[in-house]
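Subject: The structure for you to look through

Hello,

Here is the structure I wanted to pass on to you. Please have it open while you read the notes below it.

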Amino acid sequence: GSQFIVGYAGSIYMGRDPACLFQAARQVVDELNLAPVDFALKFIGANDRGISLTEMADAEGIGAFVHVDGPCSRAEAREFLARTQMLVILPQDWDMSIPAKLFEYVRFEAWLLALAERDSATELILRDTEADVVPPSDISTIAAVLRTRYEQFVAGTRPGRIARDVRLSRRFQAAVLLDALERCVHPSPIRQRPIFAAG
């Protein structure tokens with residue numbers, strides 16, 4: 001369709017604050033004079049923040065652009081992800097973890113916007129990929145990414161899958177973890193295991 005959809009699938013915990021995304025979206029809506037038929041932020045999943053996303057969106061003046069649905073089946077979630085043009089990873093309050101949804105998102109043909117600090121685990125794994133990684137406090141850059149991707153979409157450009165980068169596979173990252181654990185247990189030099197070992 002012609003609507004540019006920014007999607008988020010999954011639970012929203014206390015540390016995952018979408019306020020910066022809403023503020024940036026408001027800038028883009030105002031600058032480009034967009035209507036809800038042109039641009040939307042859509043969320044599915046549980047919200048444990050104690051304040052509804054609808055209330056937050058209304059406070060930022062973009063209530064008409066934000067759509068919120070509750071938890072759904074895995075099949076419904078995959079259909080939702082396949083309909084988006086951009087997928088977003090919200091900020092986390094712990095920089096040393098990588099959200100599991102990242103490994104799901106990269107398999108879909110969608111632009112990826114990760115709201116993460118420099119040198120966090122999320123930023124490090126996405127560094128040098130086609131993903132847009134922006135610190136949550138940098139509202140103007142988040143808005144610039146949204147505006148650029150929206151304009152590319154309107155011009156006919158469609159995103160590809162970021163999972164083409166082999167570093168983003170679970171197998172590769174599991175090998176990184178196992179090698180690190182082995183170095184902790186056996187600090188003497190060891191032979192690196194093959195990235196794509198069978199089994």
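A residue is called buried when its relative accessible area is under 20%, exposed when that value is over 50%, and partly exposed in between (1.4 Å probe, protein chains only). This is a predicted model, so local features need pLDDT of at least 70 and side-chain atom pairs count only at pLDDT 80 or more, while totals for chains, interfaces and linings use all residues. Residues are numbered from 1 along each chain as its sequence is written, and side-chain values use heavy atoms, with hydrogens and water left out.

Let me start with Phe43. With a relative accessible area of 3%, Phe43 is buried. It sits in strand S2 (residues 39–44); helices (H or I, at least four residues) and strands (E, at least two) are DSSP runs, numbered from the N terminus. Leaving out residues up to four places away in sequence, Phe43 touches Tyr8, Ile12, Pro18, Leu21, Phe22, Leu53, Val66, His67, Val68, Asp69 and Phe80, where contact means heavy atoms within 4.5 Å. Ser11 is 32 residues from Phe43 along the chain, and their C-alpha atoms are separated by 9.4 Å.

Phe80, one of those contacts of Phe43, leads on to helix H3 (residues 74–82), where Ala77, Phe80 and Leu81 are buried. Those three are on the same side of H3, because they cover an arc of only 95 degrees around the axis (the arc is that of the directions from the helix axis to the C-beta atoms). Glu79 and Ala82, on the other side of H3, are exposed. What do the buried residues of H3 pack against? Their partners are strand S1 (4–9), S2, strand S4 (86–89) and helix H4 (100–105).

Next, the charged pairs. Side chains of opposite charge can pair when their charged atoms come close. The whole structure has eight salt bridges, each being a side-chain nitrogen of Lys or Arg within 4 Å of a carboxyl oxygen of Asp or Glu. Among them is Glu31 with Arg147, whose closest N and O atoms are 2.5 Å apart. Glu31 belongs to helix H1 (residues 19–32) and Arg147 to helix H6 (residues 139–154), so this pair ties together parts that are 116 residues apart in sequence. Both are partly exposed, Glu31 at 47% relative accessibility and Arg147 at 23%.

Another salt bridge joins Glu104 and Arg107, with closest N and O atoms 3.6 Å apart. Here Glu104 is buried at 15%, whereas Arg107 is partly exposed at 40%. Arg127 pairs with Asp119 at 2.8 Å between the closest N and O atoms, and a network of salt bridges links Arg118, Asp119, Glu123 and Arg127.

Finally, Leu177 is in helix H7 (residues 170–185) and is exposed at 51%.

Best wishes
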